[in-house]
Amino acid sequence: MTTALPERAGRRCHNVLNPLHSTHYFSPDLGRELAAIGVADRNAAYFAARAAAMGPVGAGVVTATFYNFRHELVARHVPEVWRTAAPEAVLAARARAVDATLRRLLGDEAIRSKEMAEAAELALRAAQACVRTARPLYAAHADLPVPDEPHLALWHAATLLREHRGDGHLTVLLGAALDPVEALVSHTATGKGMAPKWILATRGWTREDWDAAADRLRERGLLDAEGELTAAGVDLRKEIEERTDRLDRAPYEHLGAAGVERLTELATGLLMTALTAGAFPEGMIGKS
């Protein structure tokens with residue numbers, strides 16, 4: 001049975017679950033656990049941790065499924081990273097890092113709480129309605145077992161929901177004819193995306209790549225001379241999110257309006273605790 005949801009209810013739920021998933025990417029625990037199995041480079045660690053569910057894939061698969069990384073950066077580390085650590089070892093190291101990160105950010109009381117168990121149950125129920133078709137990162141993670149401990153089960157469900165939406169989002173970006181750098185530039189221009197200095201430091205693109213993408217967006221009438229979105233650019237980014245919402249509606253309709261509201265409430269409380277504990281670097285989000 002599906003239930004009609006308030007407008008953008010699913011997106012609001014995603015917006016608090018996705019950061020909970022993402023905390024481990026910025027955690028020293030991930031670097032420590034992967035370094036212990038021989039993966040010391042930060043970029044290699046990220047590619048391995050996120051791609052390991054797909055098995056020992058090549059650089060082309062990672063570039064295709066991650067979308068906004070320069071292929072040359074990916075190819076510098078993949079598939080070489082699998083010769084250092086097999087995907088199964090990476091997944092085990094990631095699980096240890098997620099456990100340590102959530103315990104440190106949330107505290108033992110929250111980890112053991114009935115609210116954590118409730119959030120995990122709700123998120124897993126929502127994920128039951130995700131679909132594998134044309135969603136490679138989601139499908140790979142859906143084949144992994146659900147952890148027993150509630151905080152890890154919640155993280156696993158958040159990962160499924162995040163990658164399900166993300167795979168659909170890439171389809172929408174292709175339909176909007178936004179290449180990887182154009183997608184990044186236009187998202188940053190909304191004020192909700194990653195700051196350019198963070199993108200250029202982690203995605204492999206150069207300032208020349210960034211400026212060229214901005215010029216292409218100006219030619220399309222989506223960006224003005226100051227780098228701000230035009231009315232057409234605002235409309236396009238809004239349309240992208242709305243189309244992504246439509247492709248991602250099934251999990252939240254399956255959970256139902258009351259369940260989505262409760263999951264959003266619980267996840268918001270956990271996220272606020274994680275943010276207060278310094279889950280993410282300062283200055284990561286913004287236009288400059």
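The count of salt bridges in this predicted model comes to 28. Three of them are followed below, each within a helix: helix 14 holds Arg-218 and Asp-215, helix 15 holds Glu-239 and Arg-243, and helix 16 holds Arg-249 and Glu-253. The protein chain has 17 helices and zero strands. Of its 288 residues, 51% count as buried.

**Salt bridges within helices**

- Side chains of opposite charge can pair when their charged atoms come close.
- Arg-218 forms a salt bridge with Asp-215. Their closest N and O atoms are 3.0 Å apart.
- Both residues sit in helix 14, which covers residues 207-219. Because Arg-218 and Asp-215 are three residues apart there, about one helical turn separates them.
- Arg-218 has 29% relative accessibility, so it counts as partly exposed. Asp-215 is also partly exposed, with a relative accessible area of 40%.
- Glu-239 pairs with Arg-243 in a salt bridge. Here the closest N and O atoms are 2.5 Å apart.
- Helix 15, residues 231-247, contains both Glu-239 and Arg-243. The two are four residues apart, about one turn of the helix.
- Glu-239 has a relative accessible area of 30% and is partly exposed. Arg-243 is partly exposed at 36%.
- Arg-249 forms a salt bridge with Glu-253. The closest N and O atoms of this pair are 4.0 Å apart.
- Arg-249 and Glu-253 lie in helix 16, residues 249-255. They are four residues apart, about one turn of the helix.
- At 46% relative accessibility, Arg-249 is partly exposed. Glu-253, at 22%, is partly exposed as well.

**A salt-bridge network**

- Salt bridges that share partners join six residues into one network: Arg-11, Arg-165, Arg-237, Glu-241, Asp-245 and Asp-248.

**Charge across the chain**

- The protein chain carries 34 positive and 38 negative charges.

**Overall shape and surface**

- A compact globule with 288 residues would have a radius of gyration near 19 Å. The protein chain has 19 Å, so it agrees with that expectation.
- The C-alpha trace spans about 55 × 50 × 35 Å along its principal axes.
- The accessible surface comes to about 13,200 Å². Carbon and sulfur atoms account for 55% of that surface.
- Take the contacts between residues at least 6 apart in sequence. Of these, 77% join residues at least 24 apart.

**Helix 12, a mostly covered helix**

- Helix 12 runs over residues 180-189. Eight of its 10 residues are buried.
- The buried residues are Val-181, Glu-182, Ala-183, Leu-184, Val-185, Ser-186, Thr-188 and Ala-189.
- The cover over these residues includes helix 11 (150-175) and helix 13 (196-202). It also includes helix 14 and helix 15.

- Ala-48 has its place in helix 3, residues 42-51. Arg-50 is found in helix 3 too.
- Ala-48 is at 0% relative accessibility, so it counts as buried.
- Not counting residues up to four places away in sequence, Ala-48 touches Val-81, Trp-82 and Val-90.
- Ala-48 and Gly-221 are 173 residues apart along the chain. Their C-alpha atoms are separated by 38 Å.
- Arg-50 counts as buried because its relative accessibility is 9%, and the cut-off for buried is under 20%.
- Leaving aside neighbours within four places in sequence, Arg-50 is in contact with Tyr-25, Phe-66, Leu-137, His-141, Arg-162 and Glu-163.
- One of those contacts, Phe-66, is 16 residues from Arg-50 along the chain. The C-alpha atoms of Arg-50 and Phe-66 are separated by 9.0 Å.

Conventions
Residues are numbered from 1 along each chain as its sequence is written. This is a predicted model: local features need pLDDT of at least 70, side-chain atom pairs count only at pLDDT 80 or more; totals for chains, interfaces and linings use all residues. Side-chain values use heavy atoms; hydrogens and water are left out. The radius of gyration is taken over C-alpha atoms; the globule rule is 2.2 Å times the number of residues to the power 0.38. Buried means under 20% relative accessible area, exposed over 50%, partly exposed in between (1.4 Å probe, protein chains only). Contact means heavy atoms within 4.5 Å. Accessible areas come from the Shrake-Rupley method with a 1.4 Å probe; for residues, only the protein chains shown count as cover. Lys and Arg count as positive and Asp and Glu as negative; His and the chain ends are not counted. The place of a charge is taken as NZ of Lys, CZ of Arg, CG of Asp or CD of Glu. A salt bridge is a side-chain nitrogen of Lys or Arg within 4 Å of a carboxyl oxygen of Asp or Glu.
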